[in-house]
Amino acid sequence: MKPLFAISAVLVAVTLLAAAKPAPIPSAKSPAADDGAPWPEAQIEIFKLAPGKQEAFIRDIARADEVSAAGDQPPIQLFVHQDGAEWDVLLYKPFRTSDPTPAQQSAMDAKAKELQMETGPAYFVRIRQMIASHTDTRTYGPITAAKWVARLEGWRAAHPGTQEK
């Protein structure tokens, strides 16, 4: 993957995610304190699709969202390229804080079967036919820079003698 593609894709992802799911921004009068709570985590996937495969890929994401809905799970957040860097689709997937219940999983399995969706190796054979390149990363966020700095400062206070700034 070209380094410029990776850098621009990450910058676009951060910008889009900040706009899609804004985190509360502390005022300058009351800087963010680290409450110690775990930060939200997510996976970001960036795709450059094979020529002519954008519609099929997005339709597959829509089917996956139908399966998720059957189990009361949230849809994938999808961003479609309009201008700029050389990516086609960006997916934002917050990590679940708990697994689906057996009833939810059963409902999702039934929906996947109804939609005749591939699973396991067959899924990967099909999806790879639509992708020219793909990258993904596990992230913390959305969080503010102030929250990140507060956590760092808390760590440094608990570990005196470490290098600052």
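These are my notebook entries on one predicted protein model.

**Ground rules.** The model is predicted, so I take local features only at pLDDT of at least 70 and side-chain atom pairs only at pLDDT 80 or more, while totals for chains, interfaces and linings use all residues. Residues are numbered from 1 along each chain as its sequence is written, and side-chain values use heavy atoms, with hydrogens and water left out.

**Entry 1: the chain.** I counted five helices and four strands. Helices (H or I, at least four residues) and strands (E, at least two) are DSSP runs, numbered from the N terminus. From that end the order is α-β-α-β-β-α-α-β-α. Next I looked up burial. Buried means under 20% relative accessible area, exposed means over 50%, and partly exposed is in between (1.4 Å probe, protein chains only). Buried residues make up 25% of the 165 residues. Then I checked contacts, meaning heavy atoms within 4.5 Å. Of the contacts with a separation of 6 or more, 80% are between residues 24 or more positions apart.

**Entry 2: helix H2.** I checked the length of H2, residues 54-70. Which residues of H2 are buried? I found Phe57, Asp60, Ile61, Asp65, Val67 and Ser68. The face turned away from the buried side carries exposed Glu55 and Arg59. The cover over the buried residues of H2 includes strand S1 (41-49), helix H3 (102-114) and strand S4 (131-140).

**Entry 3: serine 68.** This residue lies in H2. Serine 68 has 15% relative accessibility, so it counts as buried. Not counting residues up to four places away in sequence, serine 68 touches Gln73, Pro74 and Met108.

**Entry 4: the largest pocket.** Rolling a probe the size of a water molecule over the atoms shows where empty space is left. A pocket here is an open set of points on a 1 Å grid over the protein atoms alone, where a 1.4 Å probe fits, with protein on both sides within 12 Å along at least five of seven lines; lining residues have an atom within 4 Å of a point. The largest pocket has a volume of about 990 Å³. That volume is the space filled by probe spheres set on the points, which are joined across faces, edges and corners. Of its 36 lining residues, the closest to the centre are Ala64, Ser68, Ile76, Lys93 and Tyr123. Which element gives the most to the lining? H2 does, with eight residues.

Entry 5: Most residues other than glycine have a negative phi, and most peptide bonds are trans. Aspartate 72 has a positive phi, near 55°. It sits in the loop between H2 and S2. At 64% relative accessibility, aspartate 72 is exposed. Glutamine 116 also has a positive phi, near 55°. Glutamine 116 is in the loop between H3 and H4. A cis peptide bond joins glycine 141 and proline 142, with omega about 5°.
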